[in-house]
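Subject: Handing over the model

Hello,

Here is the structure I promised to pass on to you. Please open it alongside this email.

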Amino acid sequence: MSRLDSIFSSGPACIVPMVLGDPDLDTTLAMAKELLRAGADAIELHLPFSDPTAEGELMQNGALRALKNGVTVKDAIAFTQKAAQAGIPVILKSYANVVLHYGIEAFAEQAAQAGACALYLFDVPLEERQEFLPALQKHSLPLLSSISTGAEARLPLICQNAQGCLLCEALPGEGSDTLFRLAKLAKEQCSLPLVLELGLCSPDQAAQAAGLSCSVSLGESIAAIIELYGTAAIPRAETYVAGIKAAMRSV
């Protein structure tokens, strides 16, 4: 069983997005450990980038705070290694320029050696993956794919080429009902685990996703808590994640 497969081995997973270094590196690691105890199944680690246009305002704010803290790709590799040693699965999320600047081969090798479960590149569509795939496949690091509402015609092609799991996203301004309809359609064509990207996820939404046998990614929920409470966010984030996981288990 691969590291990524293990995230979904016990049923629908609760995946928690966090911006590395927001509010600081020590808090990111400490929070990740507590959220795993609270019921999170994996951390979706967003590497801070100066132009994170594919993310929401709260994640963008977090990325800017992290960059002001001087967070680098090397910090992401070190965090992933520490997390893996603590039993915390990590999915890396970033942008093409970050990996290109670091070096695709070096990034793939070091991320895999550190224990990363997978990589998702926000701005690399299916048709442009080939530049990254050889190095990632060499080091057994899956490159994840996504499907968004309104792009259902692309679903067969994306499912055919997806690795590990498939991320399902709603367009800005669309409600969760639209995303759930996409998930039902995707389940008919894709045998991989589905991860629904739910913005500010509520327990009811998480339970509905679990009822469809889908995992959830909690969108900007943790970033919102950090924006309000900074380094004091850990207990509030822990309570929130525990409530989400309880709702998923109740189905």
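This is a predicted model: local features need pLDDT of at least 70, side-chain atom pairs count only at pLDDT 80 or more; totals for chains, interfaces and linings use all residues.

Residues are numbered from 1 along each chain as its sequence is written, and side-chain values use heavy atoms, with hydrogens and water left out.

**The sheet**

The 8 strands form an open sheet with parallel pairing, in the order β4-β3-β2-β1-β8-β7-β6-β5. β4 (118–121) and β5 (145–148) are at its edges with a single partner strand each, so one side of each has no neighbour in the sheet. From one strand to the next, the twist averages 25°. Strands here are DSSP runs of E with at least two residues, helices are runs of H or I with at least four, and both are numbered from the N terminus. Two strands pair if DSSP finds at least two bridges between them.

β5 has a covered face made of Ser145 and Ile147, whereas Ser146 and Ser148 make up an uncovered one. Elsewhere in the sheet, β7 (residues 194–197) and β8 (residues 215–217) pair in the parallel sense over 3 bridges, with Ser215 in β8 as the bridge partner of Val195.

**Helices and core**

Helix α4 (residues 73–85) lies across β2 (42–46) and β3 (90–94), running at about 165° to β3. Such angles run from 0 to 180 degrees between N-to-C directions, with axes fitted to C-alpha atoms, for helices over the stretch in contact.

Helix α10 (residues 203–211) has Ala206, Ala207, Ala209 and Ala210 buried; buried means under 20% relative accessible area, exposed over 50%, and partly exposed in between, with a 1.4 Å probe and protein chains only. Down the axis of α10, the buried residues fall within an arc of 160°, so they line one face of the helix. That arc is taken from the directions from the helix axis to the C-beta atoms. Their cover includes α9 (176–189), β7, β8 and α12 (234–249).

Which residues touch the most other members of the largest nonpolar core? They are Val16, Ile222 and Val241, in a core of 97 residues. The largest share of this core, 6 residues, comes from α12. A nonpolar core is a set of buried Ala, Val, Leu, Ile, Met, Phe, Trp, Tyr and Cys residues joined through side-chain atoms within 4.5 Å. Leaving aside neighbours within four places in sequence, the contacts of Val16 include Leu35, Ala40, Ile43, Leu218, Ile222 and Val241; contact means heavy atoms within 4.5 Å.

Lys33, in helix α2, is partly exposed at 33% relative accessibility. Not counting residues up to four places away in sequence, Lys33 touches Ala86 and Ile88. Lys33 and Glu238 are 205 residues apart in sequence, yet 9.8 Å apart in space, C-alpha to C-alpha.

**Aromatic rings**

There are 4 aromatic pairs. One of them is Tyr102 with Phe107, an edge-to-face pair at 6.2 Å centre to centre and 85° between the planes. Rings of Phe, Tyr and Trp (its six-membered ring) pair if their centres lie within 6.5 Å; planes under 30 degrees apart count as stacked, over 60 as edge-to-face and the rest as tilted. Tyr102 is partly exposed at 23% relative accessibility, whereas Phe107 is buried at 1%. Phe49, Tyr95, Tyr120 and Phe122 form one aromatic cluster.

**Backbone details in the loops**

Most residues other than glycine have a negative phi, and most peptide bonds are trans. Here are some spots to look at with that in mind.

- Asp22 and Pro23 are joined by a cis peptide bond, with omega about 5°; Pro23 lies in the loop between β1 (14–19) and α2 (25–38).
- Ser140 has a positive phi, near 55°, in the loop between α7 (133–138) and β5. Ser140 is exposed, at 64% relative accessibility.
- Ser213 has a positive phi of about 60° without being a glycine, in the loop between α10 and β8.
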